[in-house]
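Subject: Structure for your review

Dear colleague,

Please find the structure below, followed by an account of what was found in it.

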Amino acid sequence: MKVFELIAPCHFGMEAVLKKEIFDLGYDVTLVEDGRVSFAGDAEAIARANIFLRSAERILLCLARFKATTFEELFQGVKAVPWEDYIPENGRFWVKKASTAKSKLFSSSDIQSIVKKAMVERMKNHYRTEWFKEDGDEFPLRVFIYKDEVTVALDTTGDSLHKRGYRKMTPKAPVSETLAAAMIMLTPWNKDRILVDPFCGSGTIPIEAAMIGANIAPGMDREFTAEKWKHIVAPKNWYDAVTEAQDLIRLDLNMDIQGYDIDGEVVKYARENARLAGVDKMIHFQQRPVSALSHPKKYGFIITNPPYGERLEEKAALPQLYKEIGAAFGKLDAWSCYILTSYEDAERYIGRKADKNRKIYNGMIKAYIYQFLGPKPPKMKR
């Protein structure tokens, strides 16, 4: 059994959530960096990580780590990788993305060109050819350079893991599925507790919560690039991982998950997305403003991503909106509230300082998850 180093990128600030996910999946975490968690795993782990991980953006198969301060060092480091063990003679290979920070090598386009050239030189010698047709399966590569440390990895995933396949209808600026899942897993919420998203948009947070509660693996209904790499990951590994995922699903649940939005058209989108995800019967969607938020029971959760005024004309409405959030939350007895926003005056207008906050990056936007913590419910008497 060959053990690989696998790298799972995630949203900056959500590394601890992903680390726990990987540990719960049964794998040893070897390194935690900003926006990335590395772990040890075999071919089966590549399939299971792609299918089961909720907060990871993709799964990368790390092939090399080395230091390079010149393009010659980069060339030689890449050329030393046994590419012939991974890429067949007719494989289509290219550098999908090259990123660099705090390093002497800073031109992404030059890095991509030199890495490809080094790969070709190595494979020319092995396959004894001067020309590669590249008409076979795809082998996209990702290269990261940080403080002159180069990481070279094959992308086993393809389209990002946030593309679960259920979100066909999308309003503007939705929260991604991976970030929504990570945000939920950051909280103590579980399937027996109430969850309300009063700014549900396309329904991502309620849908991800329902999938977590029903134990529906996020990647079980989509395809991955590495499914065609039969010499690295056997078809049986994918089949077994999907079978495992199917066996774990629980649809016989009575969860109290609610999604509201002031826009009736958007609520229709959310309902359709929930149907495509197979969780429409677990979520109640309704057209309703945040000011009308109420619930008779205690110990529930608000988990939401409200507007934060990316356009100037929207900013003027934010103080009143966040006042309404604070007023609605204040009427809920013993609830907790988790708000993802980049609006810097959120706490001021909510009228309460968060018990905790966590800085994250939603794309290139710096945001915070403000955590207003309610009391724990009393333990049930046996």
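A nonpolar core is a set of buried Ala, Val, Leu, Ile, Met, Phe, Trp, Tyr and Cys residues joined through side-chain atoms within 4.5 Å. Buried means under 20% relative accessible area, exposed over 50% and partly exposed in between, with a 1.4 Å probe and protein chains only. The model is predicted: local features need pLDDT of at least 70 and side-chain atom pairs count only at pLDDT 80 or more, while totals for chains, interfaces and linings use all residues. Residues are numbered from 1 along each chain as its sequence is written, and side-chain values use heavy atoms, with hydrogens and water left out.

The largest nonpolar core holds 100 residues, of which Leu74, Trp83 and Val279 touch the most other members. A second core, separate and of 25 residues, includes Leu318, Ile325, Ala328 and Tyr343.

Leaving aside residues up to four places away in sequence, Leu74 touches Phe66, Ala68, Leu105, Ile111, Ile114, Val115 and Val150 (contact means heavy atoms within 4.5 Å).

Leu74 also takes part in a helix contact. Helices (H or I, at least four residues) are DSSP runs, numbered from the N terminus. The axes of α3 (residues 71–79) and α4 (residues 108–127) come within 8 Å and cross at roughly 40°; axes are lines fitted to C-alpha atoms over the stretch in contact, and angles run from 0 to 180 degrees between N-to-C directions. The two helices are therefore oblique to each other (under 35 degrees counts as roughly parallel, over 145 as roughly antiparallel, 65 to 115 as roughly perpendicular and the rest as oblique). On the α3 side the contact is made by Phe71, Leu74, Phe75, Val78 and Lys79, and the residues of the α3 and α4 contact divide into nine nonpolar, one polar and five charged. Here Asp, Glu, Lys and Arg count as charged, Ala, Val, Leu, Ile, Met, Phe, Trp, Tyr, Cys and Pro as nonpolar, and the others, Gly among them, as polar.

Helices α2 (residues 43–52) and α7 (residues 235–248) have axes that come within 9 Å and cross at roughly 40°, and they too are oblique to each other. The contact of α2 with α7 has 10 nonpolar, two polar and three charged residues.

Finally, Thr225 lies in the loop between α6 (204–213) and α7. Thr225 is buried, with a relative accessible area of 18%, and touches residues including Glu138, Pro140 and Asp155.

With kind regards
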